[in-house]
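Colleague: Thanks for making time for this model. Could you take me through it, a question at a time?

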Amino acid sequence: MAISRRKFITALGTASALSLGGAPLLALGASRQVVVIGGGIGGATAARQIRMIDPAIAVTLIEPKQHYHTCFMSNEVLSGRRKLASIRFDYTRLKELGIKVIHDKAANISPDDHKITTNNGTVLSYDRCIFAPGIDFRWDQIEGFDAKTAQLFPHAWQAGQQTATLQAQLREMADGGTVIITAPAGSMRAAHAPYERASQIAHYLKQHKPRSRVLIFDAKTAFPQQALFLQAWQRLFGYGAHNSLIEWHGGTAHRLIKLDATTRTITTAAGELHRGDVLNIIPPQQAGHIAAASGLTDESGWCPVDLRTFESTRHKGIHIIGDACIASPMQKLGSAANSQAKACANAVASLLNGREPAAAVFTDVAYSTIEEAYAFSTVGSYRLAKEGNRFTLVAGGASPIEASTEDLKREAAYARSWFNNLTKDTFG
Ligand SMILES: Cc1cc2nc3c(=O)[nH]c(=O)nc-3n(C[C@H](O)[C@H](O)[C@H](O)COP(=O)(O)OP(=O)(O)OC[C@H]3O[C@@H](n4cnc5c(N)ncnc54)[C@H](O)[C@@H]3O)c2cc1C
């Protein structure tokens, strides 16, 4: 990306101003109902923002889990740098803001009569629904790998129990063992993060099991922040040498097509077999299951939206944000979900108050932390293009390849402070 970071910071300022002051406070009676499905980064941010913009709008949040674990920084749990508890959040502050939190799962949306039914049979009416169910996996793409097998061979692409299982397997593995990470093709959550994960695992192995190695089998021919990762791997893990701690095998031939759970062996599209002691299989992805079940997805498996308001182009009155929606070139990132949630909350509050939604600026940032004092990032700032329903990148960029040791250390500090800010902004 050729756009300067200075321009990006300027755009970020505009975005923050918009998100904080985009709509006046109104108190028109609590008859208007917004129901938010999914209490992750997108949904929790949107619920909170609506209450702050217009306390007269009643907000209900449906989320099955009592605790949410962030995926970002979960790779630092694998290396042992952080505890799982440090990425765990609850809904106390959202409840204190007057948001009604229902710990249940939305089972069905009826867009014609604006009703949602939950697994427990509760029926909720909405004037506007904000829909943020995140991702689900395409279980039909890898022979021998499904939701049940994933409990033994964790993807850890939804954090929490899966992260804990993968961490325990890394701890139990003997020195000299092989960790296999497989990365899918296609649109996915946090496309940079399989390589951050390989780095954090290599960092752990270097300290505790130095005869071990990490093999990445990747359906993609190239990956985000690639030059920065390869440089870090060369510096820290001997990448390219015969005894490198990390090997990357990319391209369609290396796509995972089969898992033999009994022998812990994977088969790639080229027919090669590889046995691993720890297998971290990251499957191909699509929008959260309820999206397709509610007719909100297109043939890509993701949800098309009107980017001015994030309203579904399939069903009026439902606004889709976060990983589930199609908003490229924005990436499927928590920072993107948070930024979209603010714009969407403003749009929904405006529509409920009979006002025209304001234009917004959006941001995303992907941090890769490699070691305690080594991190880099890519940032982007986006606007709706004048000519139509698509975003254009207006500013942004990646950490420079010639960054000094001091710069890399500073980025690691920024990454951790970004984590604290984003989670505070989301969960209060
Ligand atoms: C290893 C890793 C590293 C990452 N690093 C970064 C990073 O550096 N920067 C960054 O910005 N992002 C990062 N991300 C991406 C980020 O975690 C996601 O993009 C973000 O969580 C998406 O937010 P969301 O609200 O769309 O989905 P989620 O946060 O997953 O929330 C979805 C919620 O919906 C709930 N839900 C699902 N179905 C239903 C239903 N039927 N009814 C009710 N609730 C439901 C789920 O329980 C969940 O709580 C990373 C991800 C991974 C895996």
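**Ligand shell, sheet and overall form**

Modeller: Gladly, starting with the ligand: 39 residues surround it, and the closest are Gly38, Gly40, Gly42, Gly134 and Gly322; near here puts the C-beta atom, placed from the backbone, within 6 Å of the molecule. This is a predicted model, where local features need pLDDT of at least 70 and side-chain atom pairs count only at pLDDT 80 or more, while totals for chains, interfaces and linings use all residues. Residues are numbered from 1 along each chain as its sequence is written.

Colleague: Which domains does the shell around the ligand draw on?

Modeller: The domain bounds come from an automatic or database domain assignment. At least three shell residues come from each of domain 1 (5-64 + 104-134 + 288-427) and domain 2 (149-281).

Colleague: By class, how many residues of the shell are nonpolar?

Modeller: Ala, Val, Leu, Ile, Met, Phe, Trp, Tyr, Cys and Pro count as nonpolar, Asp, Glu, Lys and Arg as charged, and the others, Gly among them, as polar. The shell around the ligand has twelve polar and seven charged residues, and its nonpolar residues number 20.

Colleague: Why is strand S2 largely enclosed by the rest of the structure?

Modeller: Strands (E, at least two residues) and helices (H or I, at least four) are DSSP runs, numbered from the N terminus. A residue is buried if 20 or more other C-beta atoms lie within 10 Å of its own, exposed if 12 or fewer, and partly exposed in between, with C-beta atoms placed from the backbone. Strand S2 (residues 58-62) is largely enclosed because, of its five residues, the number buried is four.

Colleague: Which residue in S2 stands opposite Val34?

Modeller: Two strands pair if DSSP finds at least two bridges between them. Strand S1 (residues 33-37) pairs with S2 in the parallel sense over five bridges. Opposite Val34 stands Val59.

Colleague: And which residue in S5 stands opposite Thr60?

Modeller: S2 also pairs with strand S5 (residues 100-102), in the parallel sense over three bridges. Facing Thr60 there is Lys100.

Colleague: Is Thr405 buried or exposed?

Modeller: Thr405 has its place in helix H10 (residues 405-427). Since Thr405 has 9 C-beta neighbours inside 10 Å, it counts as exposed.

Colleague: Last one: what percentage of the protein chain do buried residues make up?

Modeller: The secondary structure of the chain comes to ten helices and 24 strands. Its C-alpha atoms fill a box of roughly 70 × 50 × 40 Å, taken along the principal axes. Of the 428 residues, the buried share is 47%.
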